[in-house]
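I opened the model to look up the sheet, its helices and the metal site. My entries follow in the order I made them.

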Amino acid sequence: MKVHTVLGAVLPSDLGRTLTHEHLSMEFNNFYRKPPNQIAHRFQSGFTLENVGYIRQYPYSSKFNIVMNDDHSKHAVYNDVGVFKELGGGTIVENTTIGLNRDINFYKSVSEKTGVHVVAGTGHYIADVQNDTTLDIKTEDLYNLMLTELTEGCIDNPIVKAGFVGEIASAHC
Ligand SMILES: [Zn+2]
């Protein structure tokens with residue numbers, strides 16, 4: 001048995017220390033929540049020493065904080081995954097699925113630059129982040145898509161096979 005990483009198949013014994021739920025890059029703007037009115041002005045800029053405490057308390061209320069796929073974010077990811085490698089890390093299981101703007105080319109780049117294995121997931125995230133076309137897909141076709149990505153290649157990057165199903169999430173109202 002082998003594990004499908006974004007750069008090819010790897011023996012499980014070669015994975016090393018593994019983080020099992022990461023998001024190296026994703027679209028998360030749907031999860032923005034307005035901050036309390038009394039402190040709304042604290043969220044109008046990026047990170048500062050004066051507002052970082054507020055952002056930690058209300059992480060989804062900072063539009064700057066929930067951007068997880070711009071150049072600044074990618075630079076930070078290269079750096080952090082490099083540190084993970086230096087400290088003995090081996091593999092990252094990347095849980096960004098359809099609806100969160102999965103970016104397999106970026107995952108490949110992270111793996112190539114750092115030497116850390118990255119395993120891409122397949123499936124769809126919650127309904128709130130799906131477009132109308134996706135919401136009309138039949139259950140059988142959702143299954144078929146996951147099967148194709150696991151056994152043949154991803155729809156957005158056919159030479160890369162997904163290595164697992166996830167992240168599949170649910171929402172409660
Ligand atoms: Zn997640």
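**The sheet**

I began with strand E6, which is mostly covered: 6 of its 6 residues are buried. Buried stands for under 20% relative accessible area, exposed for over 50%, and partly exposed for what falls in between, with a 1.4 Å probe and protein chains only. Helices (H or I, at least four residues) and strands (E, at least two) are DSSP runs, numbered from the N terminus.

Before going further I noted the ground rules. This is a predicted model, where local features need pLDDT of at least 70 and side-chain atom pairs count only at pLDDT 80 or more, while totals for chains, interfaces and linings use all residues. Residues are numbered from 1 along each chain as its sequence is written, and side-chain values use heavy atoms, with hydrogens and water left out.

Next I asked in what order the strands of the open sheet lie. The order is E3-E6-E7-E8, 4 strands with parallel pairing. E3 and E8 are the edge strands, each pairing on one side only. I count two strands as paired if DSSP finds at least two bridges between them.

I then went through the pairs. E3 and E6 run parallel and are joined by 4 bridges; Leu19 has Ile92 in E6 as its bridge partner. E6 and E7 also pair in the parallel sense, over 4 bridges, and Thr91 stands opposite His117 in E7. From E6 the chain crosses through H3 to E7, and this β-α-β crossover is right-handed. Right-handed here means that, with the strands pointing away from the viewer, the path from the first strand over the helix to the second runs clockwise. E7 and E8 pair in the parallel sense over 2 bridges. Thr122 stands opposite Val165 in E8.

**The helices**

H2 packs on the sheet and touches E3 and E6; its direction makes about 135° with that of E6. Helix H5 (residues 139-151) lies across E7 and E8, at about 160° to E7. Such angles run from 0 to 180 degrees between N-to-C directions, with axes as lines fitted to C-alpha atoms, for helices over the stretch in contact. Contact means heavy atoms within 4.5 Å.

I looked at H3 (residues 104-114) separately. Of its 11 residues, 8 are buried, among them Ile104, Phe106, Tyr107 and Val110. Their cover includes helix H2 (71-86), strand E6 (89-94) and strand E7 (117-122). Just after H3, Gly115 takes a positive phi of about 80°.

**The loop at Ser25**

Is Ser25 buried or exposed? Ser25 is buried, at a relative accessible area of 1%. Ser25 sits in the loop between strand E3 (17-22) and strand E4 (26-27). Leaving aside neighbours within four places in sequence, the contacts of Ser25 include Phe106 and Tyr107, both buried residues of H3. Met68, Asn69, Lys74 and Glu94 are also among the contacts of Ser25.

**The zinc site**

Which residues coordinate the zinc ion? I found His21 (NE2), His23 (NE2) and Glu167 (OE), at 2.0 to 2.1 Å. The donor spacing in sequence is H-x1-H-x143-E. His21 lies in strand E3 and Glu167 in the segment after strand E8 (164-165), so this pair ties together parts 146 residues apart in sequence. Donors are N, O and S atoms within 2.8 Å of the metal (3.2 Å for Na, K and Ca); water is not among the atoms, so sites may look incomplete. His21 is partly exposed at 42% relative accessibility, whereas Glu167 is buried at 15%.
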